[in-house]
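Here is a short report on charged side-chain pairs and model confidence. The sequence and structure come first.

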Amino acid sequence: MKRAGVVGSNEAVQKKQKIFDEKKESSVAEKEKKERSVFLGPYGPVKEKKSENFRDEESEISKTKGIDDKSNSEMPSKFIDSDRLSIAPMMAWTNRHFRFLIRQMTAHTKLYTEMLVDDTLIHQKHNLTRFLGFNPSEHPVVVQLGGSDPEKLAEAAALCEQWGYDEINLNCGCPSKKVSKRCFGARLMLQPELVKKITYTLRRRVQIPVTVKCRLGADNKESYEELCHFVKTVSETGVSHFLVHARKCILNGLSTAQNRSIPPLKYGWVHQLVKDFRHLDFSLNGHVQTLGQVNAHLNAHIDGGKTIDMTPPPPRKSVLVSHPSSTGASVPKGLKGVMIGRAAYNTPWIFLNADKEVFGEEKNPLETKDQLINNYIDYCIKVQQDEGYSKRLANMLVKPVLHLFNGTPKVRMYKQAINHAIHKEKKTDVSTVLRGALDVLR
């Protein structure tokens with residue numbers, strides 16, 4: 001009887017534990033459901049407002065922080081692949097204010113954040129607005145992550161997905177010594193198996209696409225065969241889009257700036273990847289300065305790349321097995337897209353014609369620089385009304401338009417007027433600063 005009593009007691013405990021576990025699982029599931037139930041607010045996720053005037057409320061919120069961009073509010077009537085043209089992730093440049101400025105000129109160009117380190121996001125969960133906040137008009141927008149720990153990167157990616165980003169990009173191309181010392185960026189090209197593990201973990205954690213940005217190689221791993229091995233290894237996890245900077249990277253011996261110019265460009269290698277991996281997509285990056293060059297690369301598979309250097313890599317020792325095109329091996333396939341880097345901030349005005357020249361639209365969102373700068377000033381006013389008037393924010397807001405008038409008379413005086421107003425006169429009202437600088441140009 002005593003034995004039976006013990007058994008009965010254990011059964012009761014197990015039953016209570018089962019009920020407790022079921023309630024716990026239900027609670028966790030409900031919490032996750034609520035976390036997913038968000039719509040994208042101006043600077044991050046906002047809890048869903050359930051009311052009859054839901055759409056009106058969402059529109060009203062978008063007007064309170066950042067400009068209400070009517071030009072980009074309508075959904076396109078035809079499918080447009082935004083990967084045809086994108087702006088490279090660049091530290092200290094591609095923040096939300098710069099991305100907003102570019103979006104005023106082009107509705108379709110894909111925008112990227114600066115590289116965000118996984119540890120930063122994980123340890124700054126109380127302050128994610130600073131790192132992940134963005135304006136709704138920026139879509140399509142990709143967040144680039146840096147790191148080498150699969151689980152940490154997956155946790156950071158989940159946060160980015162919750163905040164409404166359209167895609168996750170893994171940085172395997174940054175040559176910075178600071179980044180390299182932490183064993184990520186371009187150094188990851190030396191460890192394709194680790195990148196494979198990272199992308200596998202990322203794709204299991206998030207539902208949005210995962211892509212990889214890389215170089216042609218790093219240090220002594222600089223052959224075309226090794227590049228193919230990297231692509232083949234990583235693609236086994238399901239990653240299907242690689243954005244390739246058409247230079248190798250010398251981690252020991254060259255600075256970050258030198259790695260952007262000294263290693264020779266080999267555009268032909270990237271175009272050859274398209275032929276050798278017909279089941280994958282590739283975008284090309286590296287010293288692309290104009291929309292004309294963008295179109296030359298996009299059409300190289302049709303006209304043979306007559307206006308660009310298409311020197312192919314040396315013959316490979318072994319033939320890589322490629323997946324045939326679903327439409328037949330005789331059908332030529334080209335690059336999925338082209339990515340512009342430094343030209344985006346040195347000559348941002350080139351993007352005014354992007355929608356017509358690259359995406360085939362009938363007209364561009366804006367026609368003049370006056371329209372652009374007036375839109376941006378309105379945006380700055382609303383941002384500062386919401387976030388305050390500080391020197392730090394003022395510097396961030398003026399930086400995207402410093403090079404807007406490059407190549408025009410008095411541009412040097414325009415830049416001097418901005419710097420003098422902020423650093424000498426200590427002005428923090430950006431609308432006043434910019435209008436004063438514009439007066440110099442007239």
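## Confidence and salt bridges

The chain has a mean pLDDT of 84, and 78% of its residues reach 70 or more. Here pLDDT is the predictor's confidence in each residue, from 0 to 100. Residues 31–42 are one of them, with pLDDT below 50 and 28 contacts beyond near neighbours in sequence. A contact means heavy atoms within 4.5 Å. Residues 46–76 also have pLDDT below 50, and this stretch has 45 such contacts in the model.

This is a predicted model, in which local features need pLDDT of at least 70 and side-chain atom pairs count only at pLDDT 80 or more, while totals for chains, interfaces and linings use all residues. Residues are numbered from 1 along each chain as its sequence is written, and side-chain values use heavy atoms, with hydrogens and water left out.

Side chains of opposite charge can pair when their charged atoms come close. The structure holds 15 salt bridges. The criterion is a side-chain nitrogen of Lys or Arg within 4 Å of a carboxyl oxygen of Asp or Glu. Three of these pairs are tabulated below.

| Pair | N to O distance |
|---|---|
| arginine 96 – glutamate 387 | 3.0 Å |
| glutamate 236 – lysine 196 | 2.8 Å |
| aspartate 281 – lysine 333 | 3.4 Å |

Take arginine 96 and glutamate 387, whose closest N and O atoms are 3.0 Å apart. Arginine 96 sits in helix α3 (residues 96–105), glutamate 387 in helix α15 (residues 369–387), and the pair links parts of the chain 291 residues apart. Helices (H or I, at least four residues) and strands (E, at least two) are DSSP runs, numbered from the N terminus. Arginine 96 counts as buried, at 12% relative accessibility. Glutamate 387 is partly exposed, at 36%. Buried means under 20% relative accessible area, exposed over 50%, and partly exposed in between (1.4 Å probe, protein chains only).

Next come glutamate 236 and lysine 196, joined by a salt bridge at 2.8 Å, N to O. Glutamate 236 lies in the loop between α9 (224–235) and β8 (241–249), lysine 196 in helix α8 (residues 192–205); they are 40 residues apart. Glutamate 236 is partly exposed at 47%. Lysine 196 is partly exposed at 26%.

Aspartate 281 and lysine 333 meet at 3.4 Å, N to O. Aspartate 281 is partly exposed at 25%, and lysine 333 is partly exposed at 24%. Elsewhere, shared partners join Asp81, Asp83, Lys110, Glu167 and Lys336 into one salt-bridge network.
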